[in-house]
Amino acid sequence: MKTQGEIEAAVCKGMSHFEQEYMGRGPKDIRAHLIGDLLVVRLKCVLTAAEQHLVTTLPAEKGRDLLKQVRTQLIETARPALETLIHDITGVKPRSLHHDISTHTGEEVVIFTLQEEPAYRESKRK
């Protein structure tokens, strides 16, 4: 049985790999936080050069909206793979997935609600 930290680290590794495979680049920083039956993943600096260019060259609202639509569609298309990833790591099926991205900071947040709190062992502290 994994510790909470091991679960969070595995989620970071899996989500980083997902971003590289599906979006074309990985995040510069990624953190996962397991809080009961809630799994929050925060990815920093995920926008590709093309996405950054799109946001800066189009009118502000149009570029932002277009980028959010594309990212949301990609996440929805890959949803089964993400849910399988989270289930394999936590041992619990995700109930729902929520996603948003900031076109200003390049920060992305993915939140999974799980069907129950995953079981994990306490970590040994020194």
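The model is predicted, so local features need pLDDT of at least 70, side-chain atom pairs count only at pLDDT 80 or more, and totals for chains, interfaces and linings use all residues. Residues are numbered from 1 along each chain as its sequence is written, and side-chain values use heavy atoms, with hydrogens and water left out.

Helices and strands are DSSP runs, numbered from the N terminus (helices: H or I, at least four residues; strands: E, at least two). Strands of a sheet pair through backbone hydrogen bonds, either parallel or antiparallel. Axes are lines fitted to C-alpha atoms, for helices over the stretch in contact, and angles run from 0 to 180 degrees between N-to-C directions.

Strand β4 (residues 108-114) is joined to β2 (residues 38-44) by six bridges, and the two run antiparallel. L43 stands opposite E108 of β4. L38 has T113 as its bridge partner in β4. Strand β4 also pairs with β3, in the antiparallel sense, over seven bridges. In that pair, P94 has L114 of β4 as its bridge partner. A hairpin is formed by β3 and β4, with six residues between them. G106, in the turn, has a positive phi of about 75°.

Contact means heavy atoms within 4.5 Å.

Two packed helices are described by the angle between their axes and the distance between the axes. The axes of α2 (residues 49-57) and α3 come within 7 Å and cross at roughly 150°. On the α2 side, the contact is made by E51, L54 and V55. On the α3 side, G63, L66, L67 and R71 take part. By class, the contact has four nonpolar, one polar and two charged residues. In this scheme Ala, Val, Leu, Ile, Met, Phe, Trp, Tyr, Cys and Pro count as nonpolar, Asp, Glu, Lys and Arg as charged, and the others, Gly among them, as polar.

T90 belongs to α3 (residues 60-90). T90 is buried, at a relative accessible area of 7%. Buried means under 20% relative accessible area, exposed over 50%, and partly exposed in between (1.4 Å probe, protein chains only). A polar atom of the T90 side chain lies 2.8 Å from the backbone oxygen of I86. The T90 side chain also reaches the backbone nitrogen of V92, at 3.1 Å. Polar contacts are pairs of N or O atoms within 3.5 Å; within protein, one must be able to donate a hydrogen and the other to accept it, and residues adjacent in sequence count only if both atoms are side-chain atoms. Neighbours within four places in sequence aside, T90 is in contact with I7, L114 and P118.

G26 lies in the loop between α1 and β1. At 17% relative accessibility, G26 counts as buried. Leaving aside its neighbours within four places in sequence, G26 is in contact with S16, E19, Q20 and C45. G26 and K44 are 18 residues apart in sequence, and their C-alpha atoms are 9.2 Å apart in space.

C45 is found in the loop between β2 and α2. C45 is partly exposed, with a relative accessible area of 35%. Its phi is near 60°, a positive value in a residue other than glycine. C12, by contrast, is buried, at 13%. A search of the whole structure finds zero disulfides (pairs of cysteine sulfur atoms within 2.5 Å). The cysteine sulfur closest to that of C12 belongs to C45 and is 15 Å away, too far for a bond.

How values were computed:
Two strands pair if DSSP finds at least two bridges between them.
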